[in-house]
Amino acid sequence: MDIYKLLPKTNCKLCGEQTCMSFAFKLIRREKKLEDCKPLFEPEFEEQRRKIEEMLKVVEKATETGLVVNEDLCIGCGNCVVVCPVHVYEDPEGAGSGYGVRIERPILMVEDGVVRVVDVSLCRRYKDKTLCVACRENCPTSAIAFLEEL
Amino acid sequence: MICTGCSCLCDDVVVDEKVRHACRIGASLILNRNVARAEPMVDGRKTDLDSAIESAIELLKDSNKVLIYGLNYSTLEAQRIAMKLAKKIDAYLDNGLRYDLAEKLLDGEVRIATLEDVRDYAYVMMFWMFDAHNEMPRLMSRTYYARGKKRQRGYEEDRFLVVVDVRRSHTAMLAKKNAIFIEYDDELIKEFETAIRGGLARREVLKVVGELKKSDFNVIFTREFLPFANEFGYIVPTIPQTNAMGFYKVLREEGGKIGRLEELDIDTILVVGDDPLNDLPLNAIPNFIVIDPKVSFTSKIARVVIPSAISGLECGGTMLRCDLVEMKLKPPFKSEIDDVEILKRILRGL
Amino acid sequence: MRFARFLKRLELKLLTYRDGFQVASARKDKFGEEFVERTAIIIIHPNTAKTFGFKDGQIIRVKTKDRSIRVRLTLDEIAPENCALMPKSIYTNYLNTSTVVVEAEEGEVTKPQDILNELVIT
């Protein structure tokens, strides 16, 4: 809830939401625009607004996939790729054994030095609604995160 | 291709329109290969390759004391020629790194494990004063996180991670389940020695020693020699410079005079593929001859600059992985000139 | 924030470490923008910074007995409290120290060429 922490948190309701918390949720899902929060565009909130705009840029790319990768924090170590239980099952000789993915449609792979989400539909969080946190748990820089937890 | 970004020498890297599977360090090396390339220079003026090599030969002929520095990013073949050159002109050799662990390994005094063996069999994996995540990013995903022959159930059940460091590094943050972080202090080595022999030590050390008993294959990833290494299990040397292990092996085979750049009084330093100005505080600036594919700090103040090829990317050869396994490079591109060619020409000219 | 209202000075132990992003930027171009962004930095724990009024992203002068450089400050918990962390580089080798004094200061960060100029003169 890093975005919520940067909002004015006054619950002024000018955006049409009851609380800043619910505005934050809707903002991530692009059901609300940042411009809807009038107080945020005052000069005293300039730094916070800038930071939220940065975070939203990352989220923009993720709305289709649900997994968010902040490329500025990703060193391409591949921990997430190797740890993924779906990869272990589907690609035992490749990702499961510590190599680069060998299957056509993995969930994630390392490309040009950073992790890229390929096909999130295979991820257990979305398919089976299980609480699997393997990829995020093993990223020391928190480069990978889940959309619902932002 | 085999990535030469660090001494992991990952052999599953694919280069076509994108670079696949290489970490950020390797990908940066590959994607930016045409950025900031070195050009032949003599005394600050651009020239052609032959003139630069000629000037280097002349400068070496005129020098009293020469040091050959670097060689960590060159192939075994290039290292061998450099050492022959050193013998011919009675030059010192220095790769800028420590020698203690490499000597013990090559002497056979310490047992070494390959990365594949670690993946297949290791239970306790100790990272001693080494931030794997930043220095060799894929090392953990290839060994700790990967599943192996006897380690099919994954890192949470089949492995015990120990991270020792002066601070909570990125690697230390991965010590979560079935793992422990130990903050380093000067007593720690002695405590490990004592505990392994059955004596008393701090709680965390006793915990690790207790875990050791659960398996006959335990590993320490380290860059320095540790006296309790053999009793602990196996060592995987973690010197990130791509072919530093090759340097030590070739040095042992060819023989040579080791000297330290900071300690010696040198007229001319022949730098091969490295950047002493980036690594060392220097008191005096001698004559530098730099052989490097890219512009470096040292090349900016060097008297002679000779552009070379990026090993493994533009020229082939052999390199040693961090665990001493020989890897035959598979360059996807070809360069006209490389370290081997340049050093051969210098050797012939002297 | 135009001028630092109080001259905030802080003496800290300096730890150097190898930063993967910095190494990757060095593989690209040691005289490029990305190299400066990833190298000319100092990392301080947010709690330490708060006590002395330092802010994330501001320019800091890092001084030793006879050398000094300007770098950008990053606040991150990866730095132990009351320690400063800097990536191992030509900047830390130039300083060649294990304690530094840091001060807020306006201006541009020091570039590698500036350090080279200093090294050649001395």
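This text walks through a predicted model of a complex, from overall confidence down to one residue.

Start with the scores for the whole. The predictor gives the complex an ipTM of 0.90. The pTM is 0.88.

Confidence can also be read chain by chain. Take chain C. Its average pLDDT is 88. Of its residues, 92% score at least 70. Over residues 1-5 of chain C, pLDDT stays under 50. For that stretch the model has 2 contacts beyond four places in sequence.

Now turn to chain A. Chain A is divided into two parts by the domain assignment: domain 1 covers 2-63, and domain 2 covers 68-149.

Next, look at where chain A meets chain B. On one side, 23 residues of chain A take part; on the other, 26 residues of chain B are in contact with them. Which elements of chain A each supply at least two residues of the side that touches chain B? They include helix α4 (79-83) and strand β2 (108-111).

Chain B has its own domains. Domain 1 of chain B is written in two pieces, 37-97 and 242-349. Domain 2 of chain B runs over 101-237. The C-alpha centres of these two domains of chain B lie 34 Å apart.

Finally, zoom in on one residue of chain A, Tyr126(A). Tyr126(A) sits in helix α6, which spans residues 124-127 of chain A. Is Tyr126(A) buried, exposed or partly exposed? Count its C-beta neighbours inside 10 Å: there are 14. A buried residue needs 20 or more, and an exposed one has 12 or fewer. Tyr126(A) therefore counts as partly exposed, because 14 falls in between.

Which residues does Tyr126(A) contact, leaving aside its neighbours within four places in sequence? They are Gly66(A), Val120(A) and Ser121(A). Look at Gly66(A) again. Tyr126(A) and Gly66(A) are 60 residues apart along the chain. Their C-alpha atoms are separated by 8.7 Å.

Notes: Residues numbered from 1 in each chain as written. Chains lettered and ligands numbered in written order. Predicted model: local features only at pLDDT ≥ 70, side-chain atom pairs only at ≥ 80, totals over all residues. Helix = DSSP H or I, 4+ residues; strand = E, 2+ residues; numbered from the N terminus. Contact = placed C-beta atoms within 7 Å. Domains from an automatic or database assignment. pLDDT = per-residue confidence, 0-100.
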